[in-house]
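Subject: Structure handover

Hello,

Here is the structure I promised you. Please open it first, then read my notes below.

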Amino acid sequence: MSGIDSFSMPSPPPPPPPPPPLAERVIVEPAKFHAEANTKPSKKRPDLPTFAKSFTIASLQQYTNSFSQENLIGMGMLGSVYRAELPNRKILAVKKLDRRVSDHLKDDEFLELINGIDKIRHANIVELIGYCAEHGQRLLIYEYCSNGSLQDAIHSDDEFGTRLSWNTRIRIALGAARALEYLHEQCQPPIVHRNFKSANILLDDDLSVRVSECGLAPLITSGSVSQLSGQLLTAYGYGAPEFESGIYTYQSDVYSFGVVMLELLTGRQSYDRTRPRGEQFLVRWAIPQLHDIDSLSRMVDPSLNGEYPAKSLSNFADIISRCVQSEPEFRPAMSEVVLYLLNMIRRESQQSESTVK
C-alpha cells in the first residue's frame with residue numbers, strides 16, 4: 001500500500017446523538033497512575049521535579065501585575081492563564097488552577113502530578129517551566145506561545161486566520177497529531193489528553209504547534225470538574241459518542257483530533273449556535289458531505305480562496321472521516337494518522353517539484 005489513496009474508505013457513520021445528560025461517572029483509560037495518587041494517601045513525599053522549578057506566589061504576583069485583567073490571556077475549565085514577564089524580559093504563561101480544582105489536591109498529590117507533567121518532553125507539546133504550591137494556591141508555569149491558540153487563528157475576526165494557507169493547515173494538523181502520538185504511544189505510562197480542542201493547540205512564532213494541558217486529565221476527572229468537562233466536551237462538539245457511557249480512552253482523543261481537522265478544513269467552530277439548527281454541530285453537519293467532492297469543495301474555509309489541490313482536500317477529508325467514526329475501534333491510532341499526513345505532504349512536495357521542472 002502506498003499512501004492514503006490505497007485505502008478503501010468505510011461508509012460514513014451516522015450522525016452522533018444529541019448531547020446526553022451529564023454522566024455520573026467518568027472512566028479514563030489509562031492515566032491510572034495519577035488517578036490513584038488522588039485517591040490514596042501518599043506514604044512519602046514525591047521527589048522534586050527534574051526540570052520544573054518552584055516559584056513563589058510573591059514572584060508570580062510581581063510578574064503578572066497581581067494577576068491583573070490586562071495580563072489575562074485565556075480561561076479554561078481548570079483555571080485562568082496569565083501572561084508573566086520576568087525581570088530578564090522572558091515571557092511565560094501562568095495557569096492558576098481554580099479553587100474547585102486545587103481543593104481536591106494535597107501538596108504531595110500536586111507534586112506527583114507535576115512530576116508526571118515534568119516528564120512530558122516533546123517538540124509539539126508546551127513545555128512546563130515551573131510550578132507553585134503556596135497558601136492553598138496551585139499554579140503551573142509554561143513556556144509562552146506568541147501566536148495564541150489555533151481557535152483564535154481560525155475563528156477570530158482579525159486577518160490572522162487568512163495567513164493559514166492550506167499547506168500551513170496540514171502542517172498544524174501534523175504537529176498536533178505528533179503530540180498525541182507521543183502521549184498515546186511513546187510515554188510510559190501512556191497518557192490520554194482528555195481535553196483536546198483547538199483552544200489547547202498553541203502556535204509559536206513560526207506557527208509551529210505546541211499542544212497544551214497535557215498530563216492534566218486527572219484534574220479533569222476529579223470531583224465537579226469531571227461533570228463540567230462532560231457537559232462542555234459533548235455540548236460543544238469535541239466529545240466522542242462513547243462519552244455518553246462515561247468512558248474516555250485514546251480513541252476518544254482521536255475523535256477530538258478529527259473535529260480539530262474539521263475546523264482546519266471548514267473554518268467553522270465545533271459548535272456554533274448562531275448557525276441554522278442542522279449546521280450547529282460541526283461533525284453532524286460535515287460527515288454526510290465528506291465523500292462528495294462537490295459538497296466537500298463547498299465546505300472549505302472561504303478564506304482559502306480555493307487555493308488548495310483537490311486531491312489533497314479529498315485525502316484530508318478521508319483522514320477526518322476515519323477519526324470521527326462513531327465506533328471507537330474503527331478509528332486509527334495516532335501513529336497511523338501521522339503517516340497519512342506525512343504521505344500527503346510528501347506527495348504534494350513531489351508534485352510541486354515536478355511542476356517547477
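Does Asp-318 count as buried or exposed? Asp-318 counts as buried, because its relative accessibility is 13%, and the cut-off for buried is under 20%. Asp-318 sits in helix 12, which covers residues 310-323. Leu-290 is 28 residues away from Asp-318 in sequence. In space, the C-alpha atoms of Asp-318 and Leu-290 are 7.4 Å apart.

Confidence

Please keep in mind that this is a predicted model. The mean pLDDT of the protein chain is 84. Of its residues, 80% reach 70 or more. Among the elements, strand 9 has the highest mean pLDDT, at 98. Helix 1 (residues 32-37) has the lowest, at 36. Over residues 1-42, pLDDT stays under 50. For that stretch the model has 94 contacts beyond four places in sequence.

Salt bridges

How many salt bridges does a search of the whole structure find? The search finds 13. Here are some of them.

Glu-143 and Arg-210 meet through their side chains, at 3.7 Å from N to O. Glu-143 lies in strand 7 and Arg-210 in strand 9, so this pair ties together parts that are 67 residues apart in sequence. Glu-143 counts as partly exposed, because its relative accessibility is 21%. Arg-210 has 17%, so Arg-210 counts as buried.

Arg-121 pairs with Asp-118. Their closest N and O atoms are 3.2 Å apart. Asp-118 is buried, with a relative accessible area of 2%. Arg-121, at 26% relative accessibility, counts as partly exposed.

Glu-85 forms a salt bridge with Arg-83. Here the closest N and O atoms are 3.8 Å apart. Glu-85 counts as partly exposed, at 29% relative accessibility. Arg-83 counts as partly exposed too, at 30%. A network of salt bridges links Arg-83, Glu-85 and Arg-89.

Backbone

Some backbone geometry deserves a look. Most residues other than glycine have a negative phi, and most peptide bonds are trans. Here are some exceptions.

Where does His-135 lie? His-135 is in the loop between strand 6 (128-134) and strand 7 (137-143). Its phi is positive, about 50°, although His-135 is not a glycine. His-135 counts as exposed, because its relative accessibility is 68%, and the cut-off for exposed is over 50%.

Leu-207 also has a positive phi, about 65°, and is not a glycine. Leu-207 has its place in the loop between strand 8 and strand 9 (209-211). Is Leu-207 buried or exposed? Leu-207 counts as buried, at 16% relative accessibility.

Which residues does a cis peptide bond join? The bond joins Gln-188 and Pro-189, and omega is about -5°. Pro-189 lies in the loop between helix 6 (166-186) and strand 8 (201-203).

Where to look

Then turn to the cis peptide bond between Gln-188 and Pro-189. Finish with residues 1-42, where pLDDT stays under 50.

Best wishes

Methods
Residues numbered from 1 in each chain as written. Heavy atoms only, no water. Helix = DSSP H or I, 4+ residues; strand = E, 2+ residues; numbered from the N terminus. Buried < 20%, exposed > 50% of the residue type's maximum accessible area, 1.4 Å probe, protein only. pLDDT = per-residue confidence, 0-100. Contact = heavy atoms within 4.5 Å. Salt bridge = Lys/Arg side-chain N within 4 Å of Asp/Glu carboxyl O.
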